[in-house]
Amino acid sequence: MDEKSEQPPGSRLPKKVAILYSEVKRSYFVTKEQYLTEKDAYKEARIIGKYLQKLGIKVKYFPGTPSLPEKLRRIKPDMVLNLVASIKGQEYLAASIPGVLDLLGIPYTGAGILGESLSYNKFLIKKLLVQNGVPTPNFQLFNTPQDPIDSSLRFPLISKLNEIHGSVEITKEAVSETEKHLRTRLKFLIETYKQPVLVEEFIVGKEVVAVLLEGLNKKVYMAEKCFKKKKAKYQFATFEDQWLKQGTESFAYRKFKDPILKEYVKKAFDVTKMDDYGKFDIRVDQSGRYFFLDCNSNPAFGPKEIECALATILDMYEVSFLEILRRLIQNTFKNGTNGD
């Protein structure tokens, strides 16, 4: 199949694009680990900008700061590539960027204010998935380390920060086999990050990453993570694997195809109010059942050379990063602003 057939000849490209990125200072983040997930935000924005320039597009760069509206009014970009993942170290505040762009009437890539707001509450995302028939592991939100454990939960359990992505605190210690270990883990996470913790059953089996990219229609690309730590009791990508090692040291990708899972991904994309592109982490147990672990609107975005999962997976399907950009631009102009 010729993937590039989606791009009709003569499709209009913008003359001027503003790339928005996170303003990153160490003082904004509670821990060094959280800071590391965003420290290269400006550098990566510049790399992406070079690809836009190859398309003949003039590029401007702006951090997501209070002066952003005035700067955008002044330069009047044709559209915005929204890469802001946090404001002053708070990820949920990234949802304010689509609101600003909607007020200014500037078309932009990625989810709107509702989709971005939902993305930073994993518990609500899980509720939406369950309500709409998308399978997910049994889960519970803990607001304090002393909250009673739901009797339906079965160990081993994995603990995740409810409002922070980027695999922050997904370490070997994230999986608990006993209540004592879980309570200790909850105490550390809640006291350190001042937010609830999502606890869910750990699903033993394959891990699949799915990327949905919109263009003239929705297309889903999937890859299985093949872990190289064969002796590890629980196979999953830790923070160290994602951020402190070269990706190929810990796992590699191989194509994964299943039409049933593709339909689940499309449904998850719609019910969580994503736009343009999204990334989904899924487990497949020994019986072949699917369990959605995480849904990311506006996931890490960039070409393969910065080890971005989205571009790496699409490259396996012979979709280049330039083609990804073309499709996003096409979809953004087709829909206008992404207001909810």
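**Close-up views of a predicted model**

The sulfur of Cys 308 lies 17 Å from the closest cysteine sulfur, in Cys 295, too far for a bond. The model is predicted: local features need pLDDT of at least 70, side-chain atom pairs count only at pLDDT 80 or more, and totals for chains, interfaces and linings use all residues. Residues are numbered from 1 along each chain as its sequence is written, and side-chain values use heavy atoms, leaving out hydrogens and water.

**View A. The cysteines.** A disulfide is a pair of cysteine sulfur atoms within 2.5 Å. By this rule the count is zero. For Cys 226, the closest cysteine sulfur is in Cys 308, 19 Å away and too far for a bond. Cys 308 is buried, with a relative accessible area of 6%. Buried means under 20% relative accessible area (1.4 Å probe, protein chains only).

**View B. Helix H11, residues 309–316**. Helices are DSSP runs of H or I, at least four residues, numbered from the N terminus. Six of the eight residues in H11 are buried. Among them are Leu 310, Ile 313 and Leu 314. Just after H11, Glu 318 takes a positive phi of about 60°.

**View C. Strand E8, residues 206–214**. Strands are DSSP runs of E, at least two residues, also numbered from the N terminus. Eight of the nine residues in E8 are buried. Two strands pair if DSSP finds at least two bridges between them. E8 pairs with E11 (residues 277–284) in the antiparallel sense, over eight bridges. Here Leu 212 stands opposite Gly 278.

**View D. The E8–E9 hairpin**. Three residues join the two strands. E8 and E9 (residues 218–227) pair in the antiparallel sense over eight bridges. Ala 210 stands opposite Met 222 in E9.

How values were computed: Buried < 20%, exposed > 50% of the residue type's maximum accessible area, 1.4 Å probe, protein only.
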